[in-house]
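Here is a short tour of one protein chain, written for someone who likes to check the atoms along the way. Have the viewer open and follow along.

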Amino acid sequence: PDGSIYWRYSSVTNPNIYNIKVGPEGRIFVSSSMGLIALNYHGELLWQRDDIVSTPSAISQDGILYFATMDSVYGINASPSIAMVSRFGASVYHKL
């Protein structure tokens, strides 16, 4: 490790990056203002979901990526299909 750049991923739209998580198989999940993307450990795009603009909060050992929105908690698998959804009766966001 000499500090050189191993790889770089560039987006055409240059979104705001919110969060980066690394999964158990080396997949890199990047949440941004343009959605959620998954990269492999070489920096190659695996998939992109424009319909998900949220910050992932956890990754399970089997690679499920969990995140929350205003009224739901989602789990998304490596496909990237939605693995589970838990909806709340009211918004979970409360301004203090």
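Let us start with one side chain: at 25% relative accessibility, Arg27 counts as partly exposed. Its partner is Glu25, and the two form a salt bridge in which the closest N and O atoms are 2.9 Å apart. Glu25 counts as exposed, with a relative accessibility of 59%. In general, side chains of opposite charge can pair when their charged atoms come close. A search of the whole structure finds 1 salt bridge. Please keep in mind that this is a predicted model.

**The chain as a whole**

The protein chain has 0 helices and 8 strands. Of its 96 residues, 31% count as buried. The chain exposes about 6,600 Å², and carbon and sulfur atoms supply 53% of that area. Among contacts with a separation of 6 or more, 25% come from residues 24 or more positions apart.

| Strand 1 and strand 2 | 5 bridges | 5 residues | Lys21 and Phe29 |

Strand 1 covers residues 17-22 and strand 2 covers residues 28-32. In the turn of their hairpin, Gly26 has a positive phi of about 85°.

How many residues of strand 3 are buried? The count is 5 of the 5, so strand 3 is largely enclosed by the rest of the structure. Gly35, Ile37 and Leu39 point one way from this strand, while Leu36 and Ala38 point the other way.

**The nonpolar core**

Which residues make up the largest nonpolar core? It has 9 residues, namely Phe29, Leu36, Ala38, Trp47, Ile52, Leu65, Phe67, Tyr74 and Ile76. Strand 3 (35-39), strand 6 and strand 7 (72-76) each supply at least two residues of this core.

**The loop between strand 5 and strand 6**

Now for a loop with some contrast. Ser60 lies between strand 5 (56-59) and strand 6 (65-68), and Asp62 is found in that loop too. Is Ser60 buried or exposed? Ser60 counts as buried because its relative accessibility is 18%, under the 20% cut-off. Asp62, on the other hand, is exposed, with a relative accessible area of 62%.

The side chains of Asp62 and Ser60 make a polar contact at 2.2 Å. Beyond its neighbours within four places in sequence, Ser60 is in contact with Pro24 and Tyr66. Asp62 and Ala78 are 16 residues apart in sequence, and their C-alpha atoms are 9.5 Å apart in space.

Definitions and conventions
Residues are numbered from 1 along each chain as its sequence is written. This is a predicted model: local features need pLDDT of at least 70, side-chain atom pairs count only at pLDDT 80 or more; totals for chains, interfaces and linings use all residues. Side-chain values use heavy atoms; hydrogens and water are left out. Two strands pair if DSSP finds at least two bridges between them. Helices (H or I, at least four residues) and strands (E, at least two) are DSSP runs, numbered from the N terminus. Buried means under 20% relative accessible area, exposed over 50%, partly exposed in between (1.4 Å probe, protein chains only). Contact means heavy atoms within 4.5 Å. Accessible areas come from the Shrake-Rupley method with a 1.4 Å probe; for residues, only the protein chains shown count as cover. A polar contact is a pair of N or O atoms within 3.5 Å; within protein, one must be able to donate a hydrogen and the other to accept it, and residues adjacent in sequence count only if both atoms are side-chain atoms. A salt bridge is a side-chain nitrogen of Lys or Arg within 4 Å of a carboxyl oxygen of Asp or Glu. A nonpolar core is a set of buried Ala, Val, Leu, Ile, Met, Phe, Trp, Tyr and Cys residues joined through side-chain atoms within 4.5 Å.
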